[in-house]
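This briefing goes through the surroundings of the ligand, a packed pair of helices, and two further places in the fold.

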Amino acid sequence: MTAHTRGKRGTPAPTPDEVGAMYDQYGELLAMTLGSSAVHIGMYVPHGGPAPVTTLVGLADLAQDRQTDFLIDAFAPAPGSRVLDIGCGTGGPALRLAERTGCRVTGITVSQSQLAHCQERRGAHPAGERVEFAYGNAMELSHPDASFDAAWSIDCVPHLADRPLGLREALRVLKPGGLFLLTEFTSRGTPSEEESAAYETLWTCPPLTTFTALLGDIEETGFDVVRIQEMTANAVLCSELMCTLYQDRRDEIADRFGKEALAHTDPLMGPFRSFSRNHLAYHLVVLRRPTA
Ligand SMILES: C[S@@+](CC[C@H](N)C(=O)[O-])C[C@H]1O[C@@H](n2cnc3c(N)ncnc32)[C@H](O)[C@@H]1O
């Protein structure tokens, strides 16, 4: 596979198989604290009118759907166009994208349990016939050059051991002029080793880079930048809600996943929370493959 260019602290960056195994093992636990409409950051700010929800989990789901809709509007693929969803999670955003725009979506993930979840959702969904899901690695796409009109990758890029390779692969499979929407987590300030390690362990990701480093990777790949939007408040609020729901549902988590899951997660929550509050940044980036 790839050189693990983003690994630090003496350990190699996680492989796609390790990332997939984390989602296989903790996907259901994540859904209990993050929401289950998607596996991405929810949109808490701006939040418009009062939310028609009565529980924190309901709010998390609503916020995820809002975020998915916001991202759909941000790149609005044409009806009938072919879109690649890189790191499709449990399939909710791909199906919503196909339903709202009339495009065709191919979603890939490195988690077998997510893939099973995607297939189940697809079968029951009105836009299911225009969506397909498969196992696939963002850093080694199996698709031919210029085979998609557009692509998106929501909250997946931070997992990649070699981000430039992932960006080059996205560029390769896009047709000239095609848009690539991605969301990326970066770090700000100087987090402690403990805070950074907690974040990386919980999300099975290499150390986060700065936003400037992300821009450098994008420039090197050869994409044109169409839009950048800072959305850090949503990521911070989402992490806060995850920590609150984790604490609230701790007994339920112990019953469903065993004391082992608590032993893994409990010590990470404090430093994860302070990393998210003080050192996390989150951006939406829309790129275009140049036409020449
Ligand atoms: C935080 S989840 C986001 C899922 C989905 N995009 C959503 O918004 O609900 C990250 C996703 O990236 C996928 N992923 C991580 N590394 C990957 C890789 N190397 N290739 C393909 N998918 C990957 C994971 O399997 C997971 O589906």
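By class, the shell around the ligand holds 15 nonpolar, ten polar and one charged residues, where Ala, Val, Leu, Ile, Met, Phe, Trp, Tyr, Cys and Pro count as nonpolar, Asp, Glu, Lys and Arg as charged, and the others, Gly among them, as polar. The model is a predicted one, in which local features need pLDDT of at least 70 and side-chain atom pairs count only at pLDDT 80 or more, while totals for chains, interfaces and linings use all residues. Residues are numbered from 1 along each chain as its sequence is written.

**Ligand shell**
- The ligand is surrounded by 26 residues, of which the closest are Ala38, His40, Gly87, Gly89 and Cys156; a residue is near a molecule if its C-beta atom, placed from the backbone, lies within 6 Å of it.
- Helix H1 (16-34) and strand E2 (104-109) are the elements that give two or more residues to this shell, helices (H or I, at least four residues) and strands (E, at least two) being DSSP runs numbered from the N terminus.
- H1 gives the most to the shell, with four residues.

**Helices H6 and H10**
- Helix H6 (residues 193-203) packs with helix H10 (residues 259-279) at an angle of about 105°, their axes lying 8 Å apart; axes are lines fitted to C-alpha atoms, for helices over the stretch in contact, and angles run from 0 to 180 degrees between N-to-C directions.
- H6 is therefore roughly perpendicular to H10, a label that covers angles of 65 to 115 degrees.
- By class, the contact of H6 with H10 comprises seven nonpolar, four polar and two charged residues.
- Glu195, Ala198, Tyr199, Glu200 and Leu202 are the buried residues of H6, buried meaning that 20 or more other C-beta atoms, placed from the backbone, lie within 10 Å of a residue's own.
- Threonine 204, which follows H6, has a positive phi, near 45°.

**Helix H8**
- The 17 residues of helix H8 (residues 232-248) should span 24 Å at 1.5 Å a residue, and because its end C-alpha atoms are 24 Å apart, the two values agree; the expected span is 1.5 Å times one less than the number of residues.
- The buried residues of H8 include Asn234, Val236, Leu241 and Tyr246, and their cover includes H1, H10 and strand E7 (280-288).

**Arginine 163**
- Arginine 163, found in helix H5 (residues 163-173), counts as buried because it has 25 C-beta neighbours inside 10 Å.
- Arginine 163 lies 25 residues from alanine 138 in sequence and 9.4 Å from alanine 138 in space, C-alpha to C-alpha.

Key:
Parallel < 35°, antiparallel > 145°, perpendicular 65-115°, else oblique. Buried ≥ 20, exposed ≤ 12 C-beta atoms within 10 Å, placed from the backbone. Contact = placed C-beta atoms within 7 Å.
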